[in-house]
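Subject: Model for your files

Hello,

The structure we spoke about is below. My notes on it follow; please read them alongside the model.

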There are 2 protein chains.
Amino acid sequence: MRIGSSMGDKPTIRNVADTASVAVGTVSRVLNGHKSVSIEVRRRVTEAIEALEYEPNRVAQSMRLGVTRTVALAVRDISLPGFGFVVNAAEEMLRNDGYTLLLSITNEQKDRELQLLRILYQSRVDALIMATSSEEDVELCDQIERVGVPVVLLDRDVSKKFDSITIDHRGGTRKATELLIGLGHTRIALLTGRSSLRPGRERIAGFEEAFAGLPDRERNGVVRAGGFSADFGFRETSALLASSPRPTALIAGGMGMLSGMLQAIRSRGLKVPDDISVVAGADSELAGLTDPEITAVHWSGADEGRLAVQLLLNRLRGFKEPAPQNILLSTELVIRGSCAPVRE
Amino acid sequence: MRIGSSMGDKPTIRNVADTASVAVGTVSRVLNGHKSVSIEVRRRVTEAIEALEYEPNRVAQSMRLGVTRTVALAVRDISLPGFGFVVNAAEEMLRNDGYTLLLSITNEQKDRELQLLRILYQSRVDALIMATSSEEDVELCDQIERVGVPVVLLDRDVSKKFDSITIDHRGGTRKATELLIGLGHTRIALLTGRSSLRPGRERIAGFEEAFAGLPDRERNGVVRAGGFSADFGFRETSALLASSPRPTALIAGGMGMLSGMLQAIRSRGLKVPDDISVVAGADSELAGLTDPEITAVHWSGADEGRLAVQLLLNRLRGFKEPAPQNILLSTELVIRGSCAPVRE
DNA sequence: ATGAAAGCGCTAACAT
DNA sequence: ATGTTAGCGCTTTCAT
């Protein structure tokens, strides 16, 4: 069988060499800008390249050089509002450095992650940006390490082993909770992801920090940790609103959760902020456009993406940072109109 | 210089062969499931593979086979609400077929697209899904064809040359406009992208179709075609609301545009739907969560992504469809609470 | 300054 | 059933 039949018949360095009547090595030298090529030969080669519309074959280059100029980015779900900014920024930065982005959706399923890591190993990607489904799973960690390339975790904490960009959910949630407490709320519910994952864990910690100074009888915070999804937000909010006494304030501690929470509030016929105060634990277009607008914990997804790539590029350029680097990205509380003083 | 030094020292088929005391060809046969391998040898090879944790090098396979099992997807901006679903679905379907997704952001800039196409050519991707910045630009078309692989355009119409998945914006906008006209509105403004691109062009056509039956003095539709962005939506809405007589109904004909439009309406102190009726030309989480919820033209982004990949896979599997395939994805009008009868 | 040739890891054709 | 080998396109070392 003819080799490479499906690759089309793109010109190779051999064709260029023949056309310019030089050796392939010389063409390679021209392509890679080596100085030791005479003006005359360089001209002939350049002309041949243009005449043939030659483009180097990156697969062959990767084969020879042992580097693919490819970085993989694996996220749970790219349709979640926040991730778009991260990916946009990461792609742009990678592109500017000559890298290509390989995107994978994990759905937060371990088997997909494992399968993915195998593919990435086989594909010989140069680096890896990932939000894993677990921080403790040994098999997962092992497989990540086995890929054998620089890794940056997104909002995950395996800090002894891997670089990471983390978000200060703790500080953000603390500020949000303090705002609510300052308004007289004490029956506040935090809905967030399971505490085995950093975002949920840190939000819970911040929540508890805010309550720490209060007298015992005012420590009425309740935590529902189980997921980041709109679905979870809807179910838990509905349950909470049906309980008695019901919370007077709610914090939606997850990227996709706000919509479910608002839906539940609305379907129960309650008004924000008169009947109930709401804070979003992650900012989004949605938070800024509801009526009233929703007070939210904000951070820059673009910075998150850029910093992740920056860390990667440092490693790839061989700056041998001995220890894992863990960068904490700050959050700020954007005050809008969804929180009001408590009323009995 | 040692070759492949940065690739780590992953075991090769050679190592497996040595460990199992067989020839590399035999290992290859085992890997690729050829029948003509004795039980005994197959066992030895399998053991060696596991012992060494060997994984085939896809770069080498690509080199040899002339196929990379990689598909590129290029969109304007992945943070736009709608694209996430398309990409999610496309990635899932590609993965199930053993393909890997390469994602690029074009920002709707021609130079980026051109640069990208060069990289994709060099990378020898197997296929291409793309929403181009232009349907007429000859250079762009030429470069797309030069990549020499199956292409599916997303909501673009170059139907003589390329496969495409297109959305029925025309029907959707017609239905939206008819709804508004039925409510007594005639001073309706459509904000959408430039008419040189299919989505804008088709929305304008649907808009005009809806007005076609009306007597001349009621044909007061106005079109502002120039962009799909929230920014454009804000600016044009602001201008429109300041004009006199101002429109009584607005259609936001773009994926990211609704937010800008609502912001402009709000900053002018107007209420939806009492002061002004609004329809979103693209549905989103936002449209379902404002108060009132926004009536919107809806379609399935997931279907869009899946169909695009389906078309690609058909081509890649060599079903030689002679002519370009152009699939039209239907839209429906989701009636919510943002449209009210006109009042003077 | 340039040519010749080795070799990256793999598959398939060709032997045996 | 299995071993041997050519060759995919490229870069780099070694000659000259």
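DNA strand D is surrounded by 30 residues, a residue being near a strand if its C-beta atom, placed from the backbone, lies within 6 Å of it. The closest are Ile13(A), Gly25(A), Ala23(B), Gly25(B) and Ser38(B). By class, this surface has 15 nonpolar, eleven polar and four charged residues; Ala, Val, Leu, Ile, Met, Phe, Trp, Tyr, Cys and Pro count as nonpolar, Asp, Glu, Lys and Arg as charged, and the others, Gly among them, as polar. At least two residues each come from α2 (24–31) and α4 (58–65) of chain A, and from α2 (24–31), α3 (39–52) and α4 (58–65) of chain B. Helices (H or I, at least four residues) and strands (E, at least two) are DSSP runs, numbered from the N terminus.

This is a predicted model, in which local features need pLDDT of at least 70 and side-chain atom pairs count only at pLDDT 80 or more, while totals for chains, interfaces and linings use all residues. Residues are numbered from 1 along each chain as its sequence is written, and chains are lettered from A and ligands numbered from 1 in the order in which they are written.

In chain B, strand β2 (residues 100–105) has six of its six residues buried, that is, with 20 or more other C-beta atoms within 10 Å of their own, all placed from the backbone. Six bridges join β2(B) to β1 (residues 70–75) of chain B, and the two run parallel; pairing requires at least two DSSP bridges. Val75(B) stands opposite Ile105(B).

Ala89(B) lies in helix α5 (residues 83–96) of chain B and is buried, with 22 other C-beta atoms within 10 Å. Ala89(B) is in contact with Ala302(B), Gly305(B) and Arg306(B), leaving aside neighbours within four places in sequence. Gly305(B) is 216 residues from Ala89(B) in sequence but 5.4 Å away in space, C-alpha to C-alpha.

Regards

Definitions and conventions
Buried ≥ 20, exposed ≤ 12 C-beta atoms within 10 Å, placed from the backbone. Contact = placed C-beta atoms within 7 Å.
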